[in-house]
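These are my notebook entries on one chain, written as I went through it.

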Amino acid sequence: MSAFVASTGNFQAAVSLHGSRHTTEELEKAKCPVLYLVAKDDQSFPEVDSVQEFVKVHPENGSMKIFEGVVHGWVNRGSVSLFNRNLLQNTNLYCVIFLV
């Protein structure tokens, strides 16, 4: 969804709290940068390597931070067994820095 939002031209930046179903083709259409905050082993985001490489080559299109020790949906749904207050605070900090 964030890649689609970024392609509309109506926003100055977008943040994706998981990268599922995002592709480099969508990033190429982005009219504002997209920050991806993703789990290292997110089975729902098989394109993570290609998107990561794309944002390294095209930083104007976005940025990516990969978090270890969490799974798909770790920010949105949360899980008592996976909850880590420091990790979530760092995630919020990445968003603020990116958006400012």
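Before counting anything between strands, I noted the criterion: two strands pair if DSSP finds at least two bridges between them. I also noted that the model I am reading is a predicted one.

**Entry 1: the sheet**

With that criterion in hand, I looked up strand 2 (residues 34-39) and strand 3, and found that they pair in the parallel sense over six bridges. Within this pairing, Val34 has Gly62 in strand 3 as its bridge partner, and Leu35 stands opposite Ser63 of strand 3. I then turned to strand 1 and strand 2, which also pair in the parallel sense, over three bridges; here Ser16 has Tyr36 in strand 2 as its bridge partner.

Put together, the strands form an open sheet of three, in the order 1-2-3 and with parallel pairing. Strand 1 (14-16) and strand 3 each have a single partner strand and stand at the edges, so one side of each is left without a neighbour in the sheet. From one strand to the next, I recorded an average twist of 15°.

**Entry 2: the chain around the sheet**

I next listed the secondary structure of the protein chain, which comes to four helices and three strands, with the elements running α-β-α-β-α-β-α from the N terminus on. For helix 3, I noted that it lies across strand 2 and strand 3 and runs at about 135° to strand 3.

I also wrote down two totals for the chain. Buried residues make up 35% of its 100 residues, and among contacts between residues at least 6 apart in sequence, 57% join residues at least 24 apart.

Which way do the side chains of strand 2 point, and are they buried or exposed? I found Val34, Tyr36 and Val38 pointing one way and Leu35, Leu37 and Ala39 the other way, and all of them are buried.

**Entry 3: two loop residues**

I looked up Asn61, whose place is in the loop between helix 3 (48-57) and strand 3. Asn61 has a relative accessible area of 11%, which is under 20%, and so counts as buried. Leaving aside neighbours within four places in sequence, I found Asn61 in contact with Leu27, Glu28, Ala30, Cys32, Pro33, Val34 and Phe54.

For contrast I took Gln12, which sits in the loop between helix 1 (2-7) and strand 1 and, at 75% relative accessibility, counts as exposed. Not counting residues up to four places away in sequence, Gln12 touches Cys32 and Pro33, both of which are also among the contacts of Asn61. I also recorded the separation between Gln12 and Val34, which are 22 residues apart in sequence and 9.3 Å apart in space, C-alpha to C-alpha.

**Entry 4: rings and a charge**

How many aromatic pairs does the structure hold? I counted two, and examined the one formed by Phe67 and Tyr94. The ring centres of Phe67 and Tyr94 are 5.9 Å apart and their planes stand at 80°, which is over 60, so the pair is edge-to-face. This pair links distant parts of the chain, with Phe67 in strand 3 (residues 62-67) and Tyr94 in helix 4 (residues 85-99), 27 residues apart.

I then compared how far the two partners are covered. Phe67 is buried, at a relative accessible area of 5%, whereas Tyr94 counts as partly exposed at 34% relative accessibility. Phe67 has a further entry, in that the charged end of Lys65 sits over its ring, 5.5 Å from the ring centre.

**Entry 5: cysteines**

Last, I checked for disulfides, since a disulfide is a covalent bond between the sulfur atoms of two cysteines. The structure holds zero of them. I looked up the accessibility of two cysteines as well: Cys32 counts as buried at 4% relative accessibility, and Cys95 is buried too, with a relative accessible area of 15%. Cys32 had already come up in my notes, as a residue touched by Gln12 and in contact with Asn61.

Definitions and conventions. Residues numbered from 1 in each chain as written. Predicted model: local features only at pLDDT ≥ 70, side-chain atom pairs only at ≥ 80, totals over all residues. Heavy atoms only, no water. Phe/Tyr/Trp six-rings, centres within 6.5 Å; stacked < 30°, edge-to-face > 60°. Buried < 20%, exposed > 50% of the residue type's maximum accessible area, 1.4 Å probe, protein only. Lys NZ or Arg CZ within 6 Å of the ring centre and 35° of its normal. Disulfide = S-S within 2.5 Å. Contact = heavy atoms within 4.5 Å. Axes fitted to C-alpha atoms, helices over the stretch in contact; angles between N-to-C directions.
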